[in-house]
Amino acid sequence: MPHYSLLDQTLLTDLLAEAAASPRLRKNRNFHAGDDAACHRLANALQPGTYVQPHRHLNPAKAESMLMLAGELGVLIFAPDGQVEAKHHLRAGGEQFGINIEAGTFHAVVALTPCVFFEAKAGPYVPVAPAELAAWAPPAGAAESEAYLAWMRAQFA
């Protein structure tokens, strides 16, 4: 087994196809050894229509860095009451191509086109806890989540 892996166009194409075939319209490829790794490095592929509920990471070590590899992604930063504080349109190869989000910051991402971003954050993997999900946004799978996703996407129209 090689002691390295390439990030190439084949990886991006395959990952986007896997995301398109996934019920959640997203797929990730991990480059770290396992969920208990101290540093998580992964490629995340999102298709338009996937809903990521606004959330925050309360663990002070859980800042996230995202760098666009393909496509376009909208990033919304929210105040604790749900008001939009900032919106950033990230594009692979564009003027704004990445973001670092500090722990404790409410945020959500919106696939504006089929897209892939490289993400790095501290491990180990811990699922987002209910207290970290934005109470003012519908949960994934709720009937209201489609309308909320449409509203989030409209922030970048």
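This briefing covers the fold, surface, nonpolar cores and backbone exceptions of the protein. The model is predicted: local features need pLDDT of at least 70, side-chain atom pairs count only at pLDDT 80 or more, and totals for chains, interfaces and linings use all residues. Residues are numbered from 1 along each chain as its sequence is written, and side-chain values use heavy atoms, with hydrogens and water left out.

**Fold and dimensions**

- The protein has 2 helices and 8 strands, taken as DSSP runs numbered from the N terminus (helices: H or I, at least four residues; strands: E, at least two).
- From the N terminus, the order of elements is α-β-β-β-β-β-β-β-β-α.
- The radius of gyration is 15 Å, close to the 15 Å that the globule rule gives for 157 residues, so the protein is as compact as a globular protein of that length. This radius is taken over C-alpha atoms, and the rule is 2.2 Å times the number of residues to the power 0.38.
- The C-alpha trace spans about 50 × 30 × 30 Å along its principal axes.
- Of the contacts (heavy atoms within 4.5 Å) with a separation of 6 or more, 74% are between residues 24 or more positions apart.

**Surface and burial**

- Buried residues make up 39% of the 157 residues; buried means under 20% relative accessible area, exposed over 50%, and partly exposed in between (1.4 Å probe, protein chains only).

**Nonpolar cores**

- A nonpolar core is a set of buried Ala, Val, Leu, Ile, Met, Phe, Trp, Tyr and Cys residues joined through side-chain atoms within 4.5 Å.
- The largest core has 14 residues, and L46, M66, L73, V75 and V109 have the most contacts inside it.
- Strand 3 (64–70), strand 4 (72–78), strand 6 (98–101), strand 7 (106–111) and strand 8 each give two or more residues to this core; strand 4 gives the most, with 3 residues.
- Beyond its neighbours within four places in sequence, V109 is in contact with L46, V52, M66, L73, G74 and V75.
- A second, separate core has 13 residues, including Y51, F78, V110 and L112.

**Backbone exceptions**

- Most residues other than glycine have a negative phi, and most peptide bonds are trans.
- L25 has a positive phi, near 60°. L25 is in the loop between helix 1 (9–21) and strand 1 (26–30) and is partly exposed, at 23% relative accessible area.
- G123 and P124 are joined by a cis peptide bond, with omega about -5°. P124 is in the loop between strand 8 (115–122) and helix 2 (145–154).
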